[in-house]
Amino acid sequence: MQAANETPVIQWSKGDETFNARWVSERHLAVPGKVVLADDTLTADMAYRMACEGTALLWQSDFQNARQLMQALVRRVDKNAEHKREKAAKSGKADVAYPQKFHLYRQAQAQRARILGSILIPFNADYSIPLRRAPDVLAACTEAWGEPQADGPMIVTSLREMMGVVGAYEWRKKGVEVSALGDPPSNRIHPYYGVFSPVRGEYVDLVLKAPLPKACEVNGSAVDVGTGTGVLAAVLAQRWLSNIVATDNDPRALECARFNIQNLGMGKQIKVLEADLFPESKADLVVCNPPWLPGKPTSPIERAIYDENSGMLKAFLAGLAAHLNAGGEGWLILSDLAEHLNLRTREELLGWIEAAGLKVTGRLDAKPKHGKAFDNTDGLFDARCKEMTSLWRLVAA
């Protein structure tokens with residue numbers, strides 16, 4: 001068995017020879033146990049059957065044809081999922097209650113990811129791809145995986161993950177416009193690979209609109225716990241607060257936040273610190289936007305969505321009172337989607353708030369505007385359409 005700290009290695013055969021390469025998977029997908037070489041002669045139907053059986057396909061031909069095969073797999077996966085939904089509806093088995101429905105949804109998503117991740121792409125140690133019509137991904141891979149190792153081993157990853165690396169690189173270059181930060185072009189946040197992008201604007205707008213506690217009029221001090229891209233710290237700076245600490249314990253997030261803060265010209269107002277939740281100091285305002293769903297993340301990017309056993313949420317509430325100045329407030333930004341999925345109750349949340357020696361002095365709500373909230377084909381639509389994002393104003397009891 002491979003030790004946890006060892007570099008994962010993928011193995012395949014060609015004729016009588018056996019080859020090895022470093023396996024890279026940001027989603028922590030297991031090293032494929034069965035790998036076969038694939039080229040343009042492989043049909044989409046055969047590729048789909050092999051992928052469903054757990055066989056990984058190490059591509060050897062034209063790169064663009066690999067992308068076309070990926071699209072063909074997407075169509076087959078989605079068609080099969082639709083067939084299963086129709087069959088379940090006819091048999092009366094579609095009416096599954098939450099949270100079981102949510103767990104089945106996650107299982108289906110994981111199965112989809114496994115099948116679509118079955119097309120593998122080889123890389124040389126310098127991040128070049130030894131396939132016809134392959135793109136130059138050196139800059140994107142360097143940003144995601146670090147500097148290439150000149151004398152390092154060959155690398156293999158899934159085409160799907162490679163496309164994610166390239167997509168994140170382009171997204172970082174372009175940036176995400178955040179209206180709460182003012183007028184373009186000086187209102188862009190540049191998310192790094194593996195750091196969740198502020199694409200859901202309703203929670204950012206809540207931080208922009210919520211009334212600041214009077215304590216802020218003295219020192220203007222604030223803390224953004226789990227800052228990620230730094231967007232909420234930047235919004236607080238936009239609201240004239242001048243003594244802000246932004247914390248995170250993820251190296252990518254810290255680098256990302258520092259870049260964005262400097263890029264926005266807010267370096268004198270905001271200090272980015274590595275910390276597990278709170279800094280040592282107290283503040284007039286402490287803001288936290290923890291992951292909204294209890295659950296185990298399957299990749300680094302999912303740590304912004306899933307909070308196993310609500311650990312971060314509970315820890316923030318438990319430590320908040322001790323990190324507030326007199327008259328200060330804590331702002332908890334949280335979606336109630338977990339409540340609609342029966343993963344957490346409102347009573348549990350209020351109980352944790354009370355147990356932490358806190359009380360609620362107000363709440364601002366906003367309806368999500370993202371696409372899934374209006375997509376009735378989404379597997380969780382009946383819960384998503386009821387979702388509300390709230391900013392809870394908390395003070396020491």
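Arg133 counts as exposed because its relative accessibility is 54%, where exposed means over 50% relative accessible area, buried under 20% and partly exposed in between, with a 1.4 Å probe and protein chains only. Arg133 is found in the loop between β5 and α4, and its phi is positive, about 55°, although the residue is not a glycine. The structure is a predicted model, in which local features need pLDDT of at least 70 and side-chain atom pairs count only at pLDDT 80 or more, while totals for chains, interfaces and linings use all residues. Residues are numbered from 1 along each chain as its sequence is written, and side-chain values use heavy atoms, with hydrogens and water left out.

Tyr127 has its place in the loop between β5 and α4 (138-145). Tyr127 is not a glycine either, yet it has a positive phi of about 70°. Its relative accessibility is 3%, and Tyr127 therefore counts as buried. Helices (H or I, at least four residues) and strands (E, at least two) are DSSP runs, numbered from the N terminus.

## Cis peptide bonds

Tyr98 and Pro99 are joined by a cis peptide bond with omega of about 10°. Pro99 is found in the loop between α2 and α3 (100-116). The peptide bond from Pro184 to Pro185 is also cis, and its omega is near 5°. Pro185 lies in the loop between β7 (176-177) and β8 (188-189).

An open sheet of 6 strands shows mixed pairing and the order β1-β2-β6-β5-β4-β3; two strands pair if DSSP finds at least two bridges between them. Its edge strands, each pairing on one side only, are β1 (9-14) and β3 (34-38). On average, neighbouring strands of this sheet are turned by 40° against each other, direction ignored. Axes are lines fitted to C-alpha atoms, for helices over the stretch in contact, and angles run from 0 to 180 degrees between N-to-C directions. Helix α2 (residues 63-91) packs on the sheet and touches β4 (55-59) and β5 (119-123), its direction making about 155° with that of β5. Contact means heavy atoms within 4.5 Å.

Strand β1 runs antiparallel to β2 (residues 17-23), to which 6 bridges join it. Within this sheet, Val9 stands opposite Arg22 in β2. In a regular strand the side chains alternate between the two faces of the sheet.

## Thr55 in strand β4

Thr55 is found in strand β4. With a relative accessibility of 4%, Thr55 counts as buried. Leaving aside residues up to four places away in sequence, Thr55 touches Lys34, Val36, Met50 and Ser118. Its C-alpha atom is separated by 46 Å from that of Ala233, a residue 178 residues apart along the chain.

## Packing of α6 and α8

Helix α6 (residues 201-209) and helix α8 (residues 231-238) pack at an angle of about 30°, and their axes are 9 Å apart. This angle makes α6 roughly parallel to α8; angles under 35 degrees count as roughly parallel, over 145 as roughly antiparallel, 65 to 115 as roughly perpendicular and the rest as oblique. The crossing of α6 past α8 is right-handed. A crossing is right-handed if the near helix is turned clockwise from the far one by less than a right angle, and left-handed if anticlockwise.

Tyr203, Val204, Val207 and Leu208 of α6 make the contact with Val231, Leu232, Val235 and Leu236 of α8. By class, the residues of this contact divide into 8 nonpolar, no polar and no charged. Here Ala, Val, Leu, Ile, Met, Phe, Trp, Tyr, Cys and Pro count as nonpolar, Asp, Glu, Lys and Arg as charged, and the others, Gly among them, as polar.

## Helix α10 and strand β15

Helix α10 (residues 311-320) has the buried residues Leu313, Phe316, Leu317, Gly319 and Leu320. These buried residues pack against β9 (221-225), β12 (283-288), β13 (324-335), α12 (346-355), β14 (358-366) and β15 (389-396).

Strand β15 is mostly covered, with 7 of its 8 residues buried. β15 pairs with β13 in the antiparallel sense over 6 bridges, and Ser390 in β15 is the bridge partner of Leu334. β14 and β15 also pair in the antiparallel sense, over 8 bridges; the bridge partner of Leu364 in β15 is Leu391.
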